[in-house]
Amino acid sequence: MKILIADDDTLSLRLLQKTLERAGYEVTAVKNGREAAEEMCRPEGPRLALLDWMMPELDGPAVCREVRKQRGLRHVHLVLITSKDSKQDIIQGLESGADDYLVKPFDPEELKARLRSGLRILQLEDNLLEAREEMRYRATHDSLTSLLNRGTIIELLARELTRARREKSCTTVVLADLDHFKSVNDTYGHPVGDEVLREIGRRLLGSVRSYDFVGRYGGEEFLVVLNNCGASKALSRAEQIRNGIGRTPITTVKGPLPITLSLGVFASLGEDPRAVEDVLCEADSALYQAKAAGRNCSRLASAAIVASADSQY
Amino acid sequence: MKSATLLEGFVDFPELLDRVEGDQELLAELLALFQEDLPASRAGLQEAVARGELHEIERTAHALKGMLANLSAKHTAALAAEIESAARAGASQRVPELISTFNPEIEAFSAALDSFMASAER
């Protein structure tokens with residue numbers, strides 16, 4: 001654990017440094033308040049500090065105020081060391097943003113115990129942030145397939161369409177639906193159906209580039225957003241995705257199951273003014289055509305518009 | 001540690017040993033740092049007194065008090081603390097008297113430290 005110590009008294013600084021190093025801390029020692037504030041405000045700077053009250057440039061309480069102002073988002077644990085021990089001083093120190101204080105000359109055991117209490121608070125914050133990250137992940141991903149969930153993939157598509165419009169580039173949307181998936185569930189049961197959906201998710205992710213998006217759109221429907229992919233490539237990319245699923249049966253506890261996809265493809269043009277809902281409608285009607293054409297195939301939406309697509313894509 | 005008797009009357013030795021967690025090497029280092037720093041600190045205090053700068057007297061006395069307290073030189077630290085608080089209270093007339101008590105005490109302490117360090121080296 002990194003810790004910063006700031007004291008203009010060389011003797012005191014050395015004593016602190018040695019005591020803390022012995023206790024296993026990684027110590028940064030500075031001799032004035034200005035340097036202390038700078039160290040603490042660095043992005044990877046220490047999150048734990050022992051600050052002498054009386055120092056040149058900035059005194060301990062001023063360092064506390066400065067650090068609290070700069071590093072508002074993450075908690076840093078600040079302990080003032082002072083020979084001042086009047087109630088008034090202690091209140092002033094804590095009000096300036098210090099979390100704790102130690103009266104010097106300090107007792108090494110008390111010093112270490114107080115730092116451990118600071119570490120508990122930092123650990124608590126780490127746990128909370130980790131939990132928040134996990135919640136954020138759960139709120140944006142589908143729990144079965146770990147793909148982006150419906151809300152998130154639609155949001156990302158809307159963002160991509162706006163970007164494509166601004167940059168006059170192209171975005172391709174592929175709406176993929178598993179053929180006869182209901183019969184998988186009916187014949188082999190839902191756990192096998194889930195196995196199939198998970199494997200489809202993995203294969204879809206494997207068949208796109210790292211900057212494309214794959215989401216679970218509905219029960220057995222998936223939405224793939226291919227960034228910077230224009231009409232001329234759209235259908236062949238969709239065929240790659242289709243073959244990635246259809247070519248190899250999916251291994252399940254009930255044996256290998258041949259699964260196929262029908263795909264509706266829509267390629268937006270540079271200045272396409274359509275909103276995300278309309279784009280999804282286009283992809284959906286293309287998907288309907290693919291289903292009507294006998295399934296296990298891809299269909300491109302709005303051929304008339306596509307004919308004028310920029311040939312560079 | 002037999003030579004510790006040399007510091008008797010100046011230093012609460014058991015407390016000091018606790019503070020350095022029994023590390024004799026660190027102790028020697030701290031004492032050397034103190035001796036190294038002392039002339040400049042005392043000169044700073046002396047100069048502030050000569051100029052009658054109360055804030056500077058307070059600051060330099062505070063620094064001396066801090067070092068002395070870290071070495072558990074309790075009596076000498078208390079004398080420095082008196083200078084500090086007199087200066088803070090604006091009692092400039094009391095300062096020379098306090099200094100005249102402090103000076104021989106700190107000189108004696110520093111001399112005792114020299115003997116202690118010399119005996120520790122042997």
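# Notebook: a two-chain predicted model

**Entry 1. Chain B, overall build.** I began with the make-up of chain B and found five helices and zero strands. Read from the N terminus, its elements go α-α-α-α-α. I note here that the model is predicted.

Along the principal axes, its C-alpha atoms fill a box of roughly 45 × 20 × 20 Å.

I then checked burial in chain B. Buried residues account for 36% of its 122 residues. I also looked at contacts in chain B with a separation of 6 or more. Of these, 56% come from residues 24 or more positions apart.

**Entry 2. Confidence in chain B.** The mean pLDDT of chain B is 92. I see that 97% of its residues reach 70 or more. Which element of chain B has the lowest mean pLDDT? I found helix α5 (residues 95-121) of chain B there, with 93. The highest mean among the elements of chain B, 96, belongs to helix α4 (residues 74-88).

**Entry 3. Where the chains touch.** I looked up the contact between the chains. On one side stand 16 residues of chain B, and on the other 14 residues of chain A. Two elements of chain B give two or more residues to its side: α2 (24-51) and α3 (54-70). I noted that α3(B) gives the most, with seven residues. By class, the side of chain B that touches chain A holds seven nonpolar, three polar and six charged residues. For the model as a whole I wrote down ipTM 0.90 and pTM 0.73.

**Entry 4. Chain A, overall build.** I turned to chain A and found 11 helices and 12 strands. Why is chain A described as more spread out than a compact globule? Its radius of gyration is 30 Å, well over the 20 Å that the globule rule gives for 313 residues, so the chain is more spread out than such a globule. Its C-alpha trace spans about 85 × 50 × 30 Å along the principal axes.

Burial came next. In chain A, 39% of the 313 residues are buried. I also took contacts in chain A between residues at least 6 apart in sequence. Of those, 64% join residues at least 24 apart.

**Entry 5. A sheet in chain A.** I followed one sheet strand by strand. It is an open sheet of five strands in chain A, ordered β2-β1-β3-β4-β5, with parallel pairing. Which strands are at the edges? I found β2 (26-30) and β5 (100-103) of chain A there, each pairing on one side only. From one strand to the next, the twist averages 20°.

I picked out one pair inside this sheet. Strand β1 (residues 2-6) of chain A pairs with strand β3 (residues 48-52) of chain A over three bridges, in the parallel sense. A:Leu4 has A:Ala49 in β3(A) as its bridge partner.

**Entry 6. Helices by the sheet.** Helix α2 (residues 33-41) of chain A lies across β1, β2 and β3 of chain A. I read its angle to β1(A) as about 165°.

I then checked helix α3 (residues 60-70) of chain A. Its buried residues are A:Gly60, A:Pro61, A:Val63, A:Cys64, A:Glu66 and A:Val67. What covers them? The cover includes β1, α2, β3, β4 (77-82) and α4 (87-95) of chain A.

**Entry 7. A:Asp8.** I looked up one loop residue. A:Asp8 sits between β1 and α1 (10-22) of chain A. Buried or partly exposed? A:Asp8 is partly exposed, with 18 other C-beta atoms within 10 Å; a residue counts as buried at 20 or more.

Setting aside neighbours within four places in sequence, I found A:Asp8 in contact with A:Lys31, A:Asn32, A:Asp52, A:Met55 and A:Pro56.

**Entry 8. Confidence in chain A.** Chain A averages a pLDDT of 90, and 95% of the residues score at least 70. Among its elements, strand β7 (residues 213-216) has the highest mean, 97. Helix α11 (residues 303-306) of chain A has the lowest, 44. Over residues 303-313 of chain A, the pLDDT is below 50. Beyond near neighbours in sequence, that stretch has 18 contacts in the model. My caution: where pLDDT is low, predicted coordinates should not be read in detail.

How values were computed:
Residues numbered from 1 in each chain as written. Chains lettered and ligands numbered in written order. Predicted model: local features only at pLDDT ≥ 70, side-chain atom pairs only at ≥ 80, totals over all residues. Pairing = 2+ DSSP bridges. Helix = DSSP H or I, 4+ residues; strand = E, 2+ residues; numbered from the N terminus. Axes fitted to C-alpha atoms, helices over the stretch in contact; angles between N-to-C directions. Contact = placed C-beta atoms within 7 Å. Nonpolar A, V, L, I, M, F, W, Y, C, P; charged D, E, K, R; others polar. Rg over C-alpha atoms; globule rule 2.2 N^0.38 Å. Buried ≥ 20, exposed ≤ 12 C-beta atoms within 10 Å, placed from the backbone. pLDDT = per-residue confidence, 0-100.
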